[in-house]
Amino acid sequence: AKQKGGQAITVFNFNKHTNEVMNKPILERELRKAISRKELTLYFQPIVHVETSTVHFEALLRWFSPKLGTIPPDVFILVAEDRDFIQLIDEWVIEKACEFLRSLNDPKAKVAVNLSPKTLAAPSIESRLIEGVSEYGISAEQIELEITEHSLLKNEQAIIYKLSRLKEVGFSVAIDDFGVSNASLNYLRLLPVDKIKIDKVFIHNIEKETKEYHIVHSIISLARKLGLRVTAEGVETSKQAEMLLESKCDELQGYYFSKPVDEHSLPEAVKELQSRLKVLVNQ
Ligand code: C2E
Ligand code: MG
Ligand code: MG
Ligand code: MG
């Protein structure tokens with residue numbers, strides 16, 4: 001049965017807890033048109049490097065569909081991965097991130113972009129990245145690539161080789177959502193990376209001497225021994241931030257500092273988080 005726009009709200013049924021989507025064909029059809037219709041936007045979430053009080057940003061994709069409403073990235077990224085057009089989307093994100101960096105006109109500014117494992121596996125991604133930075137007059141050092149853990153190791157040697165080359169030209173590489181995949185330690189062992197981002201499920205419960213606290217503490221000291229930087233994702237309270245600083249976590253990201261915001265709201269968000277940073281550092 002054909003569904004016309006307007007009824008779509010009832011066609012979809014998002015379950016927040018499972019990210020289950022009914023009616024994937026409509027979602028796919030709309031998503032394929034979303035770029036040219038300018039329905040996609042990049043939001044940016046500040047990541048704080050505490051020691052230097054400097055900030056960089058993670059680019060997070062948002063889709064505001066006039067027909068379907070706001071669809072969370074966890075949902076539509078999966079569809080795009082599943083239907084093999086995630087590369088188009090990731091490349092759009094790379095271009096927008098470059099554009100944003102050019103507009104900042106600050107060689108020290110840095111943006112992290114998420115790359116789906118499928119995008120990373122694509123032969124053309126390397127040249128897209130290299131051409132992207134040169135076209136926009138920025139440097140590879142200004143872009144960090146966030147790689148999620150799942151399924152990467154299918155093509156292990158090729159991925160290791162590709163990441164090494166990208167690092168050689170200046171891009172940095174982070175393992176995203178570290179700890180939730182059963183391959184985490186294997187990633188650490190095999191992949192040439194600069195940073196790990198501890199998944200937010202571990203940060204959630206670290207205020208007391210919980211399992212999570214000990215896991216996070218150990219991941220941080222392991223990372224330091226391997227010469228890697230560490231970011232904690234999902235920092236929501238000052239107490240969590242304190243604990244992480246005590247454990248010598250390099251970078252903090254989460255709602256406590258700022259939610260992801262649009263480009264326009266970013267200066268204000270950064271200004272506000274500076275005040276929270278002062279409180280933390282003076283404690
Ligand atoms: P991620 O890369 O791990 O991004 C972090 C997610 O945690 C974001 O969700 C962010 O909004 C959320 N977050 C940040 N701080 C907090 C906090 O304090 N508490 C809680 N509860 N959540 C927090 P978001 O924006 O919904 O994105 C979800 C996932 O979608 C991302 O996880 C990433 O895997 C994927 N994604 C987003 N944009 C892109 C993209 O351009 N390309 C690809 N391939 N994937 C993307
Ligand atoms: Mg990420
Ligand atoms: Mg993550
Ligand atoms: Mg993720």
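Donors are N, O and S atoms within 2.8 Å of the metal (3.2 Å for Na, K and Ca), and sites may look incomplete because water is not among the atoms. These legends describe a predicted model, in which local features need pLDDT of at least 70, side-chain atom pairs count only at pLDDT 80 or more, and totals for chains, interfaces and linings use all residues. Side-chain values use heavy atoms, leaving out hydrogens and water, while residues are numbered from 1 along each chain as its sequence is written, and chains are lettered from A and ligands numbered from 1 in the order in which they are written.

**View 1. The magnesium ion (ligand 3) and its protein donors.** Look for D176 (OD), D177 (OD), E233 (OE) and E233 (OE), which lie 1.9 to 2.5 Å from the magnesium ion (ligand 3). Along the chain, the donors follow the spacing D-D-x55-E. D176 also coordinates the magnesium ion (ligand 2), and the two ions are 4.2 Å apart. The pair links distant parts of the chain: D176 sits in strand 6 (residues 172-178) and E233 in the loop between strand 8 (229-232) and helix 11, 57 residues apart. Helices (H or I, at least four residues) and strands (E, at least two) are DSSP runs, numbered from the N terminus. Buried means under 20% relative accessible area, exposed over 50%, and partly exposed in between (1.4 Å probe, protein chains only). D176 is buried, at 4%, and E233 is buried too, at 8%.

**View 2. Helix 12 (residues 266-282) and what covers its buried residues.** Helix 12 has 17 residues and reaches 25 Å from its first C-alpha to its last, close to the expected 24 Å; the expected span is 1.5 Å times one less than the number of residues. Its buried residues are L266, A269, V270, L273, L277 and L280. They share the same side of helix 12 because they cover an arc of only 90° around the axis, taken from the directions from the helix axis to the C-beta atoms. P267, K271, K278 and N282 are exposed on the other side. Among the elements covering the buried residues are strand 1 (40-49), helix 4 (86-104) and helix 11 (238-246).

View 3. Two strands pair if DSSP finds at least two bridges between them. Strand 2 pairs with strand 4 in the parallel sense over two bridges, with E58 standing opposite A112 in strand 4. Strand 4 and strand 5 (residues 143-148) are also parallel, over five bridges, and here L115 has I147 in strand 5 as its bridge partner.

Definitions and conventions:
Contact means heavy atoms within 4.5 Å.
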